[in-house]
Amino acid sequence: MFPVVGGRSARVARLLAPRSAVLVAAVRGRKSRSDPVAKSKEGRIKVPPPVDPVEMVVLKERYTEYQLIMRALRLEFKEGVIRKKYEQETGSRAEERARQEEGEHRALMEWNNQENLRILKLRMIRVQKEKEEAEQKKLEAIMKREEEQQQFMKEKEKEILQLQEEAKNFITPENLDQRIEEALDNPKNYNFAIDKEGRVIKQTVLQ
Amino acid sequence: MPRYELALILKAMQRPETAAALRRTVETLMERGAVVRELENLGERLLPYKITKHCERHKRGTYFLVDFYAAPDVLPGLLNHLHRDVDVVRPTVLKKDAQTPSQCCGPQL
């Protein structure tokens, strides 16, 4: 009636159409070692699959041959690798090659040292130039600052002189009365009128 | 020292009284360590509005301009003194900055 289903779908079928009253969740390997064997598997004896003797003999021969060939190949290859390594380390041409390599190495190191010296010289020149330029700039900055300071001093002196000149006209306690009389006698008028042509009229009526 | 300008409006009085008030003011300034540079008279004129000061209503006043150099900390005291002076209608102290050269192409006055 039911189609043959195996594995997961069997458990799913058991889940969906439970025979027992309780719904059992299907999980793989849910029995431990100490659990008793299931009732359906009580008298089961495990029997290995039957062997065909003729087939077995043929197979065994073929397998031995195959494995022989494979082992031989493997050993040959291994031997080849070991020989190459041996030749490289202590072969006939190993010493020549070693000397050649040493010579090349020395030549390259020489070349490297030469390059280093050359670049060192260039660098020394460049560093020297930069130092000189920095010195120059510092001197220039100092000069500039001194000049500015002198300029400042000159301007301040000028201002002081001007003030000294003007100080002769300041009001002192002795001048006071005289200046008051002067001021009262000469009223000053800062008002003026101007028109679009730029004519300035300073005389205004003081109320 | 910074340079200040005192725009002083005195009561419209007779000449001797005005002279006395001016003398008083300048002496106060000098007492507080100021160096008075110039004293200008802008004339007796109508005030722009009626000012009430010291229980008196003023319509006319004499305008004076005092340039002086002073320390900044004497100013509050000075203004206080001037406010209390009966003859002074309105004292105003302003700072005078150095004149910057202007690029005005108008007529030079």
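The account begins with chain A and then turns to the aromatic rings.

This is a predicted model, in which local features need pLDDT of at least 70, side-chain atom pairs count only at pLDDT 80 or more, and totals for chains, interfaces and linings use all residues. Residues are numbered from 1 along each chain as its sequence is written, chains are lettered from A in the order in which they are written, and side-chain values use heavy atoms, with hydrogens and water left out.

Chain A contains four helices and two strands, where helices (H or I, at least four residues) and strands (E, at least two) are DSSP runs numbered from the N terminus. Along the sequence, these follow the pattern α-α-α-α-β-β. Of the 207 residues in chain A, 4% are buried, that is, under 20% relative accessible area with a 1.4 Å probe, protein chains only.

Over all chains there are two aromatic pairs; rings of Phe, Tyr and Trp (its six-membered ring) pair if their centres lie within 6.5 Å, and planes under 30 degrees apart count as stacked, over 60 as edge-to-face and the rest as tilted. Phe170(A) and Tyr69(B) have ring centres 6.1 Å apart and planes at 55°, so this pair is tilted. The contact crosses between chains, joining the loop between helix H3 (94–167) and helix H4 (175–185) of chain A to strand E3 (residues 56–69) of chain B. Phe170(A) counts as buried because its relative accessibility is 11%; Tyr69(B), at 14%, is likewise buried.

The rings of Tyr4(B) and Phe68(B) also form a tilted pair, with centres 6.0 Å apart and planes at 35°. Tyr4(B) lies in strand E1 (residues 3–11) and Phe68(B) in strand E3 of chain B, 64 residues apart. Both Tyr4(B) and Phe68(B) are buried.

How values were computed. Buried means under 20% relative accessible area, exposed over 50%, partly exposed in between (1.4 Å probe, protein chains only).
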